[in-house]
Amino acid sequence: MFARLTVFDSLRCAAQHAPAERRRWWNRLRESASVDLAAARVLHDIGLDARRNTPAVELSYAEQRALDLGIALASGARTLLLDEPTAGMNRAQAARMIALIRATVDAMIARGFGRIVNITPSAVKAPIEDR
């Protein structure tokens, strides 16, 4: 998470370094529309549309964890290691994070990942172990 950047700018930074964008490093200015589109898609996917122009440091703890996941998605990460992703969250926040993790796993599978290995505690494991 980039504390001083807005939520959208944090996602833009990650999207600029996604594999598809790295191949075109010399065209970053011309390709900025595709970076903006990728960042906007992830912003929507993580449910932080309303916080688009908010500095990341001003987000709640749960929103910061969602942004962390969004940064990984926007960057085109091929591996995600989540260590106690719902620690410190209340039940409602944890439920939202579990739903976000499930959607992320589905998106990763759709991008061609053959296997997702889950090593999280049972409270989080049950909702996503069938992926």
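First, some ground rules. This is a predicted model, so local features need pLDDT of at least 70 and side-chain atom pairs count only at pLDDT 80 or more, while totals for chains, interfaces and linings use all residues. Residues are numbered from 1 along each chain as its sequence is written, and side-chain values use heavy atoms, with hydrogens and water left out.

Let's start with the secondary structure. The protein has six helices and zero strands, and along the sequence that reads α-α-α-α-α-α. Helices here are DSSP runs (H or I, at least four residues), as strands would be (E, at least two), and the numbering starts at the N terminus. Of the 131 residues, 37% count as buried; buried means under 20% relative accessible area, exposed means over 50%, and partly exposed is what lies in between, with a 1.4 Å probe and protein chains only. The protein exposes about 8000 Å², and carbon and sulfur atoms supply 54% of that. Those areas come from the Shrake-Rupley method with a 1.4 Å probe, and for residues only the protein chains shown count as cover.

How do the pieces meet along the chain? Contact means heavy atoms within 4.5 Å. Take the contacts between residues at least 6 apart in sequence: 68% of them join residues at least 24 apart.

Now for the inside. The largest nonpolar core has 26 residues, and those with the most contacts inside it are Val7, Leu11, Ile46, Leu48 and Leu67. At least two residues of this core come from each of α1 (7-16), α3 (32-45), α4 (61-74) and α5 (91-110). The largest share, seven residues, is supplied by α4. A nonpolar core, by the way, is a set of buried Ala, Val, Leu, Ile, Met, Phe, Trp, Tyr and Cys residues joined through side-chain atoms within 4.5 Å.

Look next at α1. Seven of its 10 residues are buried, so α1 is largely enclosed by the rest of the structure. The buried ones are Val7, Phe8, Ser10, Leu11, Arg12, Ala14 and Ala15. Leaving aside neighbours within four places in sequence, Val7 is in contact with Leu43, Leu48, Arg51, Arg52, Thr54, Leu59 and Leu67. Thr54 lies in the loop between α3 and α4, and it is buried, with a relative accessible area of 14%. Not counting residues up to four places away in sequence, Thr54 touches Leu5, Thr6, Val7 and Leu59.

Gln16 is also in α1, but at 22% relative accessibility it counts as partly exposed. Gln16 and Ala38 are 22 residues apart in sequence and 9.1 Å apart in space, C-alpha to C-alpha.

On to a helix pair. α4 and α5 pack at an angle of about 5°, with their axes 10 Å apart. The two helices are therefore roughly parallel to each other. On the α4 side, Ala62, Arg65, Ala66, Leu69 and Leu73 meet Gln93, Arg96, Met97, Leu100, Ile101 and Thr104 of α5. By class, that makes seven nonpolar, two polar and two charged residues. As for the terms, axes are lines fitted to C-alpha atoms, for helices over the stretch in contact, and angles run from 0 to 180 degrees between N-to-C directions. Angles under 35 degrees count as roughly parallel, over 145 as roughly antiparallel, 65 to 115 as roughly perpendicular and the rest as oblique. Ala, Val, Leu, Ile, Met, Phe, Trp, Tyr, Cys and Pro count as nonpolar, Asp, Glu, Lys and Arg as charged, and the others, Gly among them, as polar.

Ala66 turns up again with Gly47: the two are 19 residues apart in sequence and 8.2 Å apart in space, C-alpha to C-alpha. Gly47 sits in the loop between α3 and α4 and is partly exposed at 44% relative accessibility.
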